[in-house]
Amino acid sequence: MSELLSNLALGFGVAFSPMNILFCLLGALVGTLVGVLPGIGTVATIAMLLPITFGLPPVGALIMLAGIYYGAQYGGSTTSVLVNIPGEATSVITCLDGHQMARQGRAGAALAIAAIGSFFAGCVATVLVAALGAPLTSLALLFGPAEYFSLMVLGLIFAVVLAKGSVLKAIAMVMTGLLMSMVGSDLETGAGRMTFDIAELADGIGFTNIAMGVFGFAEIIRNLELPEESRDIVSAKVTGLMPTRKDLIDSSGAIARGTLLGSLLGILPGGGAVIASFAAYTFEKRIAKDPSRFGKGAIQGVAAPESANNAAAQTAFIPLLTLGIPPNAVMALMVGAMTIHGIVPGPQVMTKQPELFWGMIASMWIGNLMLIIINLPLVGVWVTLLRVPYRLLFPSIIVFCCIGIYSINNSPTDVMISAMYGVFGYWLIKHDFEAAPMLLGFVLGPLMEENLRRAMLIARGDATVFFTRPISGGLLAVAILLLVLAVLPMIRKRREEVFVE
Amino acid sequence: MAEDVQPSRNTPHVDEPLTDRLKGGVIITVIALLLVLATFYISNPTVPRVMAILTGVVGVAVIAGLVPVRGPQDFYGGLALVLFGTFALIASAELPGQRGFAFGPGTAPRLFAMILALVGAAVAVIGALSDGPRIEKYKIYGPALVIIGISLFATLIRPFGLVFATYLAFLVSIMGSKEMKWVESLIAAAAMTLGCVLLFVYLLNLPFQLWPQANAPQLLLNQFADLFKSIFAMLAKLIPGLN
C-alpha cells in the first residue's frame, strides 16, 4: 500500500509540472473539439492529432495523447446527447437516453451527469491501474508465447460474444481483420505477402487508413442516405446545466455499477470501452424496476454507459503497459506513438522508466479533472458548433479526415486506400457486418501470428501445447465456455422459431 | 458489389424476387469465374480452384432459382466472404509454407483464409435456410461523389497543394448531399480551406505544399502515367503476350 502511494506520488510529481499540465489541458481541449465532430471517432481523432505530439518530450507527448483520448471520448458523448449522432462507437448507447433527455430540454443535466460519472469512473480506474500494474507485470513474466496467443484468442472471443449481431458473422469479421493484417512484409522472413508487388502495400495496410475508411467515410456515406429528421439538432436552448439532487441520487448507483463493469471489461483484451458501455446499459436496464423508462430519457441510461466507457478507456491501459498487448484499436495507436518515442510497451516500462509509467497514470486522473473543468463551462460552445447543418458538416469532416490521413505518411495512396475502405465499410453496413471485431482482429493479427509461430516452434510443432500449459489452457477454456454460452441461447431461440412454424 | 434491391421491408416475402436473384447470382458467378481463372497463375491451385468452382456453382444455382434464399443479407454476405477467403488463398499461394516445425510466411495467411471461407460458408448456409432481412438498396449518387471527392484530394494534394485539394474535395463531396446550395457551399468551402490551412500549416506546422508547384500539370500527368504503368505491369504478368 505504501509502495502504491509512493509510486503515485512519483507520478503526480511528474504530471504536475506546469508544462505537463498544459499538455494535458491542451490535449483534452483539442480532443474534445475534434471528438465533438460527428463521424470522427476516438481512433480517428487520435490518428489525426498524433502528428502534433511528435515534437514533444516522451512523457509530455504521452500525457497529451492521454488527454486527447479522454477528450475525444467525452466529445463523442456530447454529440450523442445533442445531435443523436454518436461521435464514436463508445457513445452509441448514450444516444438512446441522452438524446431523449435533450429533447425534453434536459441536455445540460445529461451532459453534466456524463461528466460527473466519467470523473468518478476515472478516479476509481486510476487507482485500479496503479494497484494492478505491479502484480500484473510480475504475472507477465509467467507468460510465454502460448499464453500470449491464448490471451489474445480470449480477447477476440470476448469481442465476438459481446458484438451486437450473430456470433458467426462476428467471427467472420475477426478473420477478415486477421487476414488483412497479414498484408505486407512477413516479420520473420521479410517476404512480401499478398502485396501484388505494390510498393505502397509493402509495409502493410495502415491501421489508421482502415479505421478512417470503415468508421469515418463509411459512416458519412451511410448518414447521407438517412432521412433528414433522424439527425436533427436540438434547437431548444440548453438550460440548467446542473443536474438536480434527484438526478444525482438516481444515477449514483448506475455510476458505481457502470464503473465496476467498465473497469473489468476494459482490462480484458478485446473488451474495451465500446463493449463496456453496451454491457453497462443492458445491465442497468435489466435490473431496473421499470425497464420501459429506458430509451425515453432515463438518466441511468446516460450515467451507466458513460461511467463504464470512461473506466474501460482507462483500465485498457493495463494490458498495454503490463503485457504490451494493445487491447483495442486506440491502444494500438498508443503503441505506435510510444514506438516513435523509442519506448517499447511491456513489462519493462514500469521498471526501466518509472517516471513515464507513473506519470502517465497520474495524468489520467488529471485528464479526467480537465474534462470536468473544460466541459461544464464549454458546453455552450460545443452546442453552437453543432448548429452547423449536416450538409456543411460532412464535407468538412471528409476533408479533415483526408488531411489527417495524408499528414501521417505524406502519402496520397493512404488516402486512396481509406476511400476504398469507405466503400468496403458501406458494404459491411448493408450486410449487417460489424466493423469493430474486424478492426480488433487487424490490430491483434501481427502479435497473434508472431506468438503462434513462436509457440509452435518451441513446442516442436505440437499444437496441443496451447491446451496442456495450465495458464494457456485455462484462458482457452474460458474462451470456449464464453462461446458456448453465447451460442446456446441462439440455438434454443432458433429451435423455438422452428417449433412455432 | 452492388446488388440493387428494391426496399420493401414492410411486405412479407416468401421468396426473393427474380431481379434480386439474378443480380446477386450473376455477381457471385462472375467473381467466382474470375477467381477460377486466377488459379491458373499459381503453383498449388487445387484447393482455391475447387472452392471457386463450388461457389460459382452456387451462383449459377441461385440464378436458376434452385436455391431458396430466405435471408439475402446473410446469404450474399457469407458468399462474398467465401470468395474473399478464396482470393486470399490465391494471393498467398506462392508463399513458402511450413518447414519442419517452423511456420513459413504463407502458413498463417492460408490458415486464416481457410477459416474465413468456412465461416463465410456457414453464414451463407444459415442465410439460405432461415428468414432474414433483405439487402437495403445501394445508393450510388451520394457515395460516388464522396469517394470522387476523396480521390480528388489524393490526386491533387501533391502537385496542386493543400488549398486547391481541400477546396475541390469539399465542393465535390458536398454535391453528394441532396440539400446542397451553391452559394453557401462555395463560401463554406473557402472557410473550411482557410481553417485547415491555419490549423495544419500554421498551428501544427505540418510540412504541406500550400500552393500549386511550378510544374503542377506535369506532375499530375506523371502521377497518372505512373498509375497506368503499374496497372500495365500487373496486366503484363497475367497476360504473357502483352509485352
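In which loop of chain A does Met194(A) lie? Met194(A) sits in the loop that runs between strand E2 (192-193) and H9 of chain A, and this briefing, which concerns a predicted model, returns to that residue below. Chain A contains 21 helices and 2 strands, and 61% of its 501 residues are buried. Of the contacts in chain A with a separation of 6 or more, 79% are accounted for by residues 24 or more positions apart.

- Met194(A) has a phi near 50°, which is a positive value in a residue other than glycine, and Met194(A) is buried because 24 other C-beta atoms lie within 10 Å.
- Asp432(A), with a phi near 60°, is likewise a residue other than glycine with a positive value, and its place is in the loop between helix H18 (412-430) and H19 of chain A.
- Asp432(A) has 17 C-beta neighbours inside 10 Å and therefore counts as partly exposed, since a residue needs 20 or more such neighbours to be buried and 12 or fewer to be exposed.

**Helix H19 of chain A and its partner H8**

- The axes of helix H8 (residues 167-181) and helix H19 (residues 435-458), both of chain A, come within 7 Å and cross at roughly 40°, and that angle makes H8(A) oblique to H19(A).
- The crossing in which H8(A) passes H19(A) is right-handed.
- On the side of H8(A), the residues that make the contact include Ala170(A), Met173(A), Val174(A) and Leu178(A), while those from H19(A) include Pro437(A), Leu439(A), Phe442(A) and Pro446(A).
- Sorted by class, the contact of H8(A) with H19(A) consists of 12 nonpolar and 5 polar residues, with no charged residues.

**Helix H19 of chain A and its partner H9**

- The axes of helix H9 (residues 207-225) of chain A and H19(A) come within 11 Å and cross at roughly 180°, so the two helices H9(A) and H19(A) are roughly antiparallel to each other.
- Phe207(A), Ile210(A), Ala211(A), Val214(A) and Phe215(A) of H9(A) meet Ala435(A), Leu439(A), Phe442(A) and Val443(A) of H19(A).
- The contact of H9(A) with H19(A) is made up of 9 nonpolar residues, with no polar and no charged ones.

**Ile157 of chain A**

- Ile157(A) is found in helix H7 (residues 145-162) of chain A, and Ile157(A) counts as buried because 24 C-beta neighbours lie inside 10 Å.
- When residues up to four places away in sequence are not counted, Ile157(A) touches Ala479(A), Leu482(A) and Leu483(A).
- Ile157(A) and Met212(A) are separated by 55 residues in sequence and, from C-alpha to C-alpha, by 24 Å in space.

**Chain B and its contact with chain A**

- Chain B is divided into domain 1 (18-129) and domain 2 (141-212), and the C-alpha centres of these two domains of chain B lie 39 Å apart.
- Between the chains, 58 residues of chain B are in contact with 54 residues of chain A.
- Helix H3 (72-91), helix H4 (107-129), helix H5 (141-174) and helix H6 (182-203) of chain B each supply at least two residues of the side that touches chain A, and the largest share of that side, 17 residues, comes from H5(B).
- By class, the side of chain B that touches chain A has 41 nonpolar, 13 polar and 4 charged residues.

Notes
Residues numbered from 1 in each chain as written. Chains lettered and ligands numbered in written order. Predicted model: local features only at pLDDT ≥ 70, side-chain atom pairs only at ≥ 80, totals over all residues. Contact = placed C-beta atoms within 7 Å. Helix = DSSP H or I, 4+ residues; strand = E, 2+ residues; numbered from the N terminus. Nonpolar A, V, L, I, M, F, W, Y, C, P; charged D, E, K, R; others polar. Axes fitted to C-alpha atoms, helices over the stretch in contact; angles between N-to-C directions. Parallel < 35°, antiparallel > 145°, perpendicular 65-115°, else oblique. Left-handed = near helix turned anticlockwise from the far one by under 90°. Domains from an automatic or database assignment.
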